[in-house]
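Hi there,

Here is the model I promised to pass on. Please have it open while you read, and my notes follow just below.

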Amino acid sequence: MTPIILDCDPGHDDAIAIMLAVADPAIELLAVTTVAGNVTLNHTTRNALRVLDMVGRPDIPVAAGRPAPLVRDLSTAAVMHGETGLAGPLPQEPSRPALDVAAVDLMAHTITAATEPVTLVATGPLSNVADLLTQHPLLVDQLAQIVIMGGAVDLGNWTPAAEFNIWVDPHAADIVFRHGCAADRIPGRVPLTMIGLEVTHQAWLTDEHAELLRGRSASGTFVAELLDHFVGFHQERFGWEGAPIHDAVTIAHLIDPTLVQTLAMNVQIEVDSPLCVGRTVADRWNVTGLEPNAFVGLGIDRPRFIELLMKRLLP
Ligand code: BDR
Ligand code: CA
């Protein structure tokens, strides 16, 4: 089993990532931490708690993190996920509050207490992850790896240049990528995998998947109702047949590392340019000669991803 901490901003696809992590026997979900991103922190935290209730795991610790990015003001994606972050199913109050500790402290405690190196998965803006790396430098070498959903080698989705998670908190992303490596261990650096839009735009579900899930169980209907909204949004906004389940790909990659094709490359984050802020400047052809600091996803075996995801979501 791969022990993980999932730092997220649920969010439809974050919710499905949590559900996949809980359902797959290859993953041990040690803790969930939340960050402001898709919607405000109170909503992302409530949603994480609610999803864990839905899958019968109210025992998994949850702590809330940063309510805003390191430097910039918070911008949300409520237009895509709804004001509560989980438009579709009827809102429901979680059975418990989050722990009374900060996300970064729950992360540090979990990493320290674990009997083997923990993988940190981030599916929202990287604000909490940056805090962990800067506030707990001695823990960096205790992490197995960091896997993030974010960035793009080519075009962005929130601006022409930038993907949403990186665009929201580019300064945090800059810190994380400066700590990344794409080789055997380097002290003070951590193997980093970037699952960006080249991968996740191939990882989409459609109305048909919603129908397969609906009515099979409470959680199946919950995902179907999430997809009703999320697929509908992508059909209307982009004219796509389905919705990319971006964040679930991070978990799928850990379950089956043959699903996503990756290449080691140097990635730097643009933090200044008004036009290109949040861009992941990925040196695909090694024109800079700079040392690779991340394994960057370039594609995914979609049929096998869908098969895995549906197998775990179907009761
Ligand atoms: C990312 O942005 C968010 O809206 C999604 O949850 C995902 O993490 C995709 O760009
Ligand atoms: Ca997310």
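N286 is partly exposed, with 49% relative accessible area (buried means under 20% relative accessible area, exposed over 50% and partly exposed in between, with a 1.4 Å probe and protein chains only). N286 sits in the loop between β12 (280-282) and β13 (294-300). Helices here are DSSP runs of H or I with at least four residues, strands are runs of E with at least two, and both are numbered from the N terminus. Although N286 is not a glycine, its phi is positive, at about 50°.

Before going on, a word on the source: this is a predicted model, in which local features need pLDDT of at least 70 and side-chain atom pairs count only at pLDDT 80 or more, while totals for chains, interfaces and linings use all residues. Residues are numbered from 1 along each chain as its sequence is written, chains are lettered from A and ligands numbered from 1 in the order in which they are written, and side-chain values use heavy atoms, with hydrogens and water left out.

Another backbone feature is the peptide bond between P10 and G11, which is cis, with omega about -10°. G11 belongs to the loop between β1 and α1. For context, most residues other than glycine have a negative phi, and most peptide bonds are trans.

Now the helices. Two packed helices are described by the angle between their axes and the distance between the axes. Helix α1 (residues 12-23) packs on helix α2 (residues 41-54) at about 40°, and their axes are 10 Å apart. The axes are lines fitted to C-alpha atoms, for helices over the stretch in contact, and the angles run from 0 to 180 degrees between N-to-C directions. α1 and α2 are therefore oblique to each other (under 35 degrees counts as roughly parallel, over 145 as roughly antiparallel, 65 to 115 as roughly perpendicular and the rest as oblique). Their crossing is right-handed; a crossing is right-handed if the near helix is turned clockwise from the far one by less than a right angle, and left-handed if anticlockwise. On the α1 side A15, I18, M19 and V22 take part, and they meet A48, V51, L52 and M54 of α2 (contact means heavy atoms within 4.5 Å).

L41 is also part of helix α2, and it is buried at 13% relative accessibility. Leaving out residues up to four places away in sequence, L41 touches T34, V35, A36, A64, G65, R66 and P67.

Which way do α5 and α7 cross, left-handed or right-handed? Helix α5 (residues 127-135) and α7 have axes that come within 8 Å and cross at roughly 45°. That makes α5 oblique to α7, and the crossing is left-handed. S127, V129, A130, L133 and T134 of α5 make the contact with A172, I175 and V176 of α7.

α5 is mostly covered, with 7 of its 9 residues buried: S127, N128, V129, A130, D131, L132 and L133. These buried residues pack against β1 (2-8), β2 (27-34), α4 (103-113), β4 (118-122), β5 (143-149) and α7. In α4, the buried residues are A103, V104, L106, M107, A108, T110 and I111, and what covers them includes β1, β2, β3 (62-64), β4, α5 and β5.

H179 lies in the loop between α7 (170-178) and β6 (180-181) and is buried, at 18% relative accessibility. Not counting residues up to four places away in sequence, H179 touches L133, V140, G188, R189 and V190.

Last, the aromatic rings. There are 3 aromatic pairs in the structure (rings of Phe, Tyr and Trp, the last by its six-membered ring, pair if their centres lie within 6.5 Å; planes under 30 degrees apart count as stacked, over 60 as edge-to-face and the rest as tilted). W158 and F164 have ring centres 4.8 Å apart and planes at 65°, so this pair is edge-to-face. W158 is partly exposed at 26% relative accessibility, whereas F164 is buried at 5%. F238 and W240 have ring centres 4.6 Å apart and planes at 20°, so they are stacked. F233, F238 and W240 form one aromatic cluster.

Two arginines lie over rings as well: R284 over the face of W285, at 4.0 Å from the ring centre, and R302 over the face of W204, at 3.6 Å. A charge sits over a ring if NZ of Lys or CZ of Arg is within 6 Å of the ring centre and within 35 degrees of the ring normal.

Best wishes
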